[in-house]
Amino acid sequence: MADAVLEVRDLCVDYATRSAPARAVERVSFDLHRGEFMAIVGESGCGKSTLLFAIARLLTPPAELTGGDVRFNGTSMVQLGEKQLRALRWRDFSVVMQSAMNALNPVKSIAAQYRDAMKAHDKRLSKADIEERSREVLLLVGIDPVHLHSYPHQLSGGMRQRAMIAMALLFSPELILMDEPTSALDVVAQRSLMTKVKELQERLGFAIVFVTHDMSLVSNFSDRLAVMYAGQVSEIGPTELLFADPKHPYTKGLLDAFPSIYGERVELAGIPGSPPDLSEPPSGCHFHPRCSEASERCARVAPGFYDLGERQVRCLLYVDEGADRG
Ligand code: SF4
């Protein structure tokens, strides 16, 4: 697509195990448009973070990219060597990890870590340029630059996470991949960070892929939502549409599992059971053992990915409603 910054096609990732390989990502495809905010949601163990790491080409054994392609601005990332990938990371796309305390180097100041990242990409940058840009990005994320020479442990959890996002902005990349960046924060800090991320995205125009297990977190922030279950995308479409009118039973289950602040009080209902062992996924539809709408056919027939106009759904209930996109 002409305005796609990222094109993911039939991406597959396997984890080597003692027995059969576990397919953690199974033929995932989507386009991410310039300046778009895409959230990837699902329970733990559904392949969301593995998908993100596969896109960034950051997988390490036993995980292995076993099929498909990821095109960034039209260039296949799958074909690139480590040196070429290093040149792209930070400058053209960056990654914000789950826990800033682990991702940031505890024995280096924020200033030193920003300097290392900038020098690795542009050796000509002067000390003054680096200091100026470092202060700029801290201000962008709402941190007083007085903290630039602090060490990670001297900052609060929310500030560390913001400092990570500031680092991701050093070169004004077109794309930022975020892996549960708010999971270690309390609800107030989560909300404040999400508001800041959205404000920066609208102001600077970068695209985001945002992984989270908390669907409610992204309801007001993402443009599009991809719901993952057992390594597959089970439903994808505009966030508002999926929240207002979910089609896939798994999306419905996730939505029923958190409280709404609007409307009448309703009893919360979780999804029974847990995601499957991906080295031995259930036959037919992977969700059938937990699905309240399953029929006998669901255990035998793997559903296609049916196009219902603005959204696609992987569920046999919609087999007659849209063309199978595979
Ligand atoms: Fe449920 Fe069957 Fe649809 Fe799978 S295909 S989500 S088991 S109704």
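The model is predicted: local features need pLDDT of at least 70, side-chain atom pairs count only at pLDDT 80 or more, and totals for chains, interfaces and linings use all residues. Residues are numbered from 1 along each chain as its sequence is written, and side-chain values use heavy atoms, with hydrogens and water left out.

The protein chain is split into two parts, domain 1 (4–92 + 171–324) and domain 2 (102–170). These bounds come from an automatic or database domain assignment. The C-alpha centres of domain 1 and domain 2 are 29 Å apart. Domain 1 brings 20 residues to the contact, and domain 2 brings 17 residues. Contact here means heavy atoms within 4.5 Å.

About 1,600 Å² is buried between domain 1 and domain 2, with 71% of it on carbon and sulfur atoms. Buried area is the accessible area (1.4 Å probe) that two parts lose on being put together, summed over both. Zero salt bridges are counted between domain 1 and domain 2. A salt bridge requires a side-chain nitrogen of Lys or Arg within 4 Å of a carboxyl oxygen of Asp or Glu. Eight residue pairs, both at pLDDT 80 or more, are in polar contact across the interface of domain 1 and domain 2. A polar contact is a pair of N or O atoms within 3.5 Å; within protein, one must be able to donate a hydrogen and the other to accept it, and residues adjacent in sequence count only if both atoms are side-chain atoms.

On the side of domain 1 that touches domain 2, helix 2 (82–88), strand 7 (175–179) and helix 7 (187–204) each supply at least two residues. Helix 7 gives the most, with seven residues. Helices (H or I, at least four residues) and strands (E, at least two) are DSSP runs, numbered from the N terminus.

Ser94 belongs to strand 6 (residues 93–96). Ser94 is buried, at a relative accessible area of 2%. Buried means under 20% relative accessible area (1.4 Å probe, protein chains only). A polar atom of the Ser94 side chain lies 2.9 Å from the backbone oxygen of Ala168. Beyond neighbours within four places in sequence, Ser94 contacts Ala168, Pro173, Leu175, Ile176 and Leu177.

The disulfide count is zero. The rule asks for a pair of cysteine sulfur atoms within 2.5 Å. Cys46 is in no disulfide; the nearest cysteine sulfur, that of Cys285, is 12 Å away. Cys46 is buried, with a relative accessible area of 0%. Cys315 is also buried, at 9%.

Conventions
Buried < 20%, exposed > 50% of the residue type's maximum accessible area, 1.4 Å probe, protein only.
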